[in-house]
Every structure is written in C-alpha cells, then in structure tokens.
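Here is a walk through the packing inside a protein model. Keep the viewer open as you read.

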Amino acid sequence: MAVSPRELLHAALHRQPTARTPWVPYVGCHGGRLIGRSAEEYLRSAELIAYGVATAAQRYRADGVPVVFDLQIEAEALGCELAWSEENPPAVISHPLARGTQLADLAVPTAESGRLPIVLDAIRQARRQVGDEVSLFGLITGPFTLALHLLGPDIFMQMFDQPEQIQALMQFTQEVGRAVAALYIEAGCDVIAVVDPMTSQISPGHFEEFVTAPARAIFADLRQRGVPGCFFVCGDAQRNLGKMAECGPEAVFVDEQIDLVAMGEIARQHNVAFGGNIPLTTVMLFGSQDDNRRAARACLDQGGATGFILAPGCDIPYAVPPENLAAIAEVVHGEHSGVVAAGASTAVEVELPDYATLGHVQVDIFTLDSAACAPCQYMVAAVEKILPEFADKVQWNELKLKSPETVALMGAVGVTSIPSIAIDGEVAFSSLIPELRVLRDAVRDKLSAKSLI
Amino acid sequence: MADFAAMQEAVIKGNLGEATRLTQEALDGGTAPAAIVNEGLIPGMLVVGERFKNNEYYVPEVLIAARAMKGAMALVQPHLKEGDIEPLGTVAIGTVQGDLHDIGKNLVAMMLEGAGYKIVDLGVDVSPEKFIDAVQSQGVTVIALSALLTTTMPSIGKTIEALNAAGLREKVTVIIGGAPVTEAYRKEVGADAYAPDAGSAVEALKGLAA
C-alpha cells in the first residue's frame, strides 16, 4: 500500500525508517507572495491563507506545511499592538504587562479572540483543500517568546530580580499554548509546533528554571491527545538543544546556525526526531536553484535516513523565488541526481599528498561556499587572519563542496561536517569555528612537528 | 586603596548593589574617579563582553551587568573632570528605516557604552537623514546600523549612500549588524565593520581603531 506524505512524515517524527526524507517548507507570509498578495492581506484572511497553503503544498510537493507562521497571533489576542508590513509578519510594538496591565487581568484566548477565528477557519478550509494526505502544522507561540511579547525586554532582568513573577507569567503562557494547540487540533491540524525562538537568548540554567516545566506541560498534553509535538527554535540555541529535547517533544527543529550532525547526535541521545535547516537568506532568498539543490542535498546527507525531516531554518522569507523551493522539492523526490554532495556515489578517485614530506603545512577548509554559508565564511576568515604570520610555511585552500573531486577528497580526509578545517590531511576543527589562539596553536604544533619553526 | 577586583566582580555578576556600594566607598576614600572607571568598571564589562562572545553569558547576564555598570557610572560621573577618561568615540546607533526591532540594537548600545563609548541612541525606524543630522550636530564618530529583516536590510545601504552624498562618509566609521547581515553584505555596501553579535561589536570597533 502506498504511503501518503502525511504517513511518511509521521513515521519520521516517530523515528521510524522511511523510503525518503519528508519535507516541510515553512510557508508563512511567503504564501502571500505565492498568490500575489501582501503579507498583511494574506495573514488577515482565512480564504487567502488556505489558498496559499494549498498552493504551496502542491507546488512544493510538501509532506507537511504550517497553516500560519505568525508568532504574533496569541500576543495580539492578549492585547499587544502590532505593526504590519507588506513583506513580513507583523511585529509586536507594545507590551501590555509593561504598561500597567496585571497578569491576573489577562484571560486565556478563546476561539473568538484576536485573529484566532481567521486562523481556525483557515485550518478548516486548508484541510478541505489539501485533503488528508498532507500534514498541517499548527504553530503556537512558545511560552518564553509569548512571555517576552507580553512583558517586553524587562523580562530578562526580572528573571534575576523577580523570578517568581516570571514563573507565574510562564505558567500563564503555557496555559495559552495548550489552549491554542487544542483549538488548532480540533480545527484539523495533525502536528503542533511550539515555536520559541527567544529561548536561544538565555542560558541552559535559565532555560531549565523558566522554560522546561511549561514546555513539558505542553508536550505532555499533546502526547495525551495523540498529536506529535515539535519544538522549533531559531537562533544559536546550541547549548539549549539537549534541554529542549528533554521537554518531551517528538522532534526538535533548528535553523542554520546549528550543525545538523551535532543536532543528530543530541536527537539520538534523547530519542527524538529532528529537522532543519536550509539557510534562509543566503541560500533560499538570494541563492540560485542550484544553490538550493546543493543545500538541500547537504542537509539530507547530514540529517541521515532515520528520524530526520528536511525544513528551512525558519519562516521562509516572503520574497523567496518559488523556483528555489521547487528545486529543493526535486532533490527531496530524488529527481535531481546531478547534485553532488557527501555520500553521493562518484567514481572519482583522489590521491592525498604525502603530507609528511611536504615542505609546508597544508590547511584545507571544506565549505559549502564561503560566500553563501555564514559559518563557512567565518571559518575562512579565521584562517585568513592567522596565516600571514606564517608566510609561505603554511599554504591554504578553500575546498568548496561543488565538484566530485572535492567530495571524494572530503571522504578521503574523513570530513563529516561542513565547514571543517583539516591540517596536513587531518580533521582539526569540525563545524565549530576555532578561536584564533587555538587555531594558531594547532598550526604551530604541525610546523614544529615538521621542524619548520 | 579601592578594591578594583571586587568592583570588576560586581559588574561581571551584575550585582548593582555591590557595584554602587564599592564605587561609593572608593569615592569617599579618595580614589581617583578615573581609576574607578578604568581599573574597576570597564575591565569588568570587558570580561562580560568576552563571556558573551564565548557563549558563557547570554542576554540576561549582559543586561544586568550593564545595569550594574550604569549604576556605578552614575555615581562617578559628577566627579570626572574633562580629560579624565579618554573618550573612545561617540556612536550614533539605530535600527534602520522600516525596521522596528530594538532588542539587538539595545544590546549593542549597552555593550559599547560599557566599553567606554558615548552612545547617541536614535531608536528604531531611523531615517538616513536622522543619522546625518547626528553626525553634523552631535560629534558622532561611529554610525552603528542594525536590521533584523531581509526586507529592511537594504536601508543599511541607503543610509551609507546618504552619508556619501552628504560628504560625511569619511568622517565616520560605519559598523553594521543584525540577523540577515553578513560579511559579504558589508563588502557590498561598503561598511567598515560587521559584527555578528553584540560582544564582537566592541571588538570590531577596537580592531578598526588599532
């Protein structure tokens, strides 16, 4: 029996092997772009949202799509004022709890609050249009991000000054999250994502103190309803990823600032699925179709075959060319065999130099392309910064993962993450950009081992 | 002799009460106001910047450290004489036209202030004309531009073009940052420095001055 896209996605969320990796393009305000409407018109109309979601699901051959990607829905329903724009989701511009409103005055939103009637109607219409074969993600604002919307940046200091008050606020935002998730499920969503980007700005200690309990309550509730819950974060949340996985989600989704290989390790340790992380700006917005195919391929290779879902780093920017997303879909559906990336079977043979006999130390930086991948760019910059002091005793190369030769070389050296630095054929730094001092010392060690200094 | 190490520690830990108490004691004991700033408060804030850069500190830790620093500075300020503290420069900072996000911008302002820069905060949605006016009327030496959105990022380029057109570009250092901004974009628009986060903003400016 054929497996539907939705079944495929749910299998991956439950860490079961799948015939191919499922793909969830986060179409938010970009849905407006797809049907020729502004972000504001789009996010204020159930008909337009449903039409945008159905169009995206079909055109991008998605296994799942979010119905609305707008982290201001709950905030607006709770009294935050919004500033709207043509090509972005709205921004919160006032924080009721910083303006005299008391927490006790706030009530958990209902199906009638703010734009919730629009979102709920959009979910029902989208479900009718896409049928049961495609997953619909309901995105709720994570408890910490919602607390920040309600209180404003003062929350950061109050975490130190009045922790009990922040805990009470988090208890409330958790109740809001559960209530809104229940409404979205009832309307027809079969996956819920808790989107909490602001947690990337706090330490693991603060995460545990303020976020863990509310997030656990939300995910426990979802589990009871039999609906998979995902934890989305945007930003450099590296140190909190384990804490996120411990909150009991079915999957953790990250953006391009997180190394997918490292994320995969954490996911396996905690028995959760994971997803991500095609770069939004450099690749999806400004890159070519080939750039998008390559980035998708790289993510698929890094994510592995089990328990991984391909997705953009975060909400797809409004103006991303639809051809770029269609190009990613080709890779997902195995129609673009010309794309080269790690793991692809190529017949190219490479021979590594005999590093011991080289009259210099060879530094190789393996990148996707330093102009289009921020971590790659920093890694190249780090090398460029320290090398002049060694003059011709050190030679370096940026090896872009764009040709079969480079891929073969990467395999021969044993590089598993991009970007990486190999010194004289040995992987020295993998995915994390070394401090200059550490990098300098590593090069010096090699030089002195060869008696070049 | 004032306890500079304890003063640094109070800033690093973001302990406002302790930072102001030690500062007041030092002032009462006759410690030179400039020494309090240069040997007690600023070195503490530099450690905070370093820790933020190394992911040991996060936004909340930086904010309470900056608050402790500010509280202590408010006590020292009236006692400082002209020339006591070498001004590093005056920074006009703002989120560019069309962009309403202020958290990142505020953080950079606090870090720069902690490192010893004078800050002129122009707020959010700042037009190129406002930046030009700040350069002309407030002795600004550095322009710091922030954009959170891919759609407002082009306002960075427009602001730099406006500085060029007004003949002011050579007079100021331009540093840029924000989620979508990259080193490649810095080159494209001709800014002097790009900082991926608030901690490196201080370092980037100092690097240019060196």
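Is F207(A) buried or exposed? The model is predicted, and in it F207(A) has a relative accessible area of 0%. The cut-off for buried is under 20%, so F207(A) counts as buried. F231(A) is buried too, because its relative accessible area is 0%.

F207(A) and F231(A) form a tilted aromatic pair, 6.4 Å centre to centre with 45° between the planes. The pair links distant parts of the chain. F207(A) sits in helix α10 (residues 204-225) of chain A, and F231(A) in strand β6 (residues 229-232) of chain A. They are 24 residues apart.

Now widen the view to the other rings. Over all chains, the structure holds 8 aromatic pairs. Another tilted one joins Y26(A) to F253(A), with centres 6.4 Å apart and planes at 55°. Here 227 residues separate the partners. Y26(A) lies in the loop between α1 (5-13) and α2 (30-34) of chain A, while F253(A) belongs to strand β7 (residues 251-253) of chain A. Both Y26(A) and F253(A) are buried. Ring pairs also tie Y26(A) and F253(A) into a cluster with F69(A) and F232(A).

Next, the nonpolar cores. In soluble globular proteins, nonpolar side chains tend to be buried together. The largest core here has 179 residues. Within this core, F156(A), Y184(A), I278(A) and L310(A) touch the most other members. A second, separate core has 27 residues, including V140(B), A147(B), V181(B) and A191(B).

Finally, zoom in on Y184(A). Leaving out residues up to four places away in sequence, its contacts include I73(A), L116(A), L120(A), I140(A) and I192(A).

Definitions and conventions: Residues are numbered from 1 along each chain as its sequence is written. Chains are lettered from A and ligands numbered from 1 in the order in which they are written. This is a predicted model: local features need pLDDT of at least 70, side-chain atom pairs count only at pLDDT 80 or more; totals for chains, interfaces and linings use all residues. Side-chain values use heavy atoms; hydrogens and water are left out. A nonpolar core is a set of buried Ala, Val, Leu, Ile, Met, Phe, Trp, Tyr and Cys residues joined through side-chain atoms within 4.5 Å. Buried means under 20% relative accessible area, exposed over 50%, partly exposed in between (1.4 Å probe, protein chains only). Contact means heavy atoms within 4.5 Å. Rings of Phe, Tyr and Trp (its six-membered ring) pair if their centres lie within 6.5 Å; planes under 30 degrees apart count as stacked, over 60 as edge-to-face and the rest as tilted. Helices (H or I, at least four residues) and strands (E, at least two) are DSSP runs, numbered from the N terminus.
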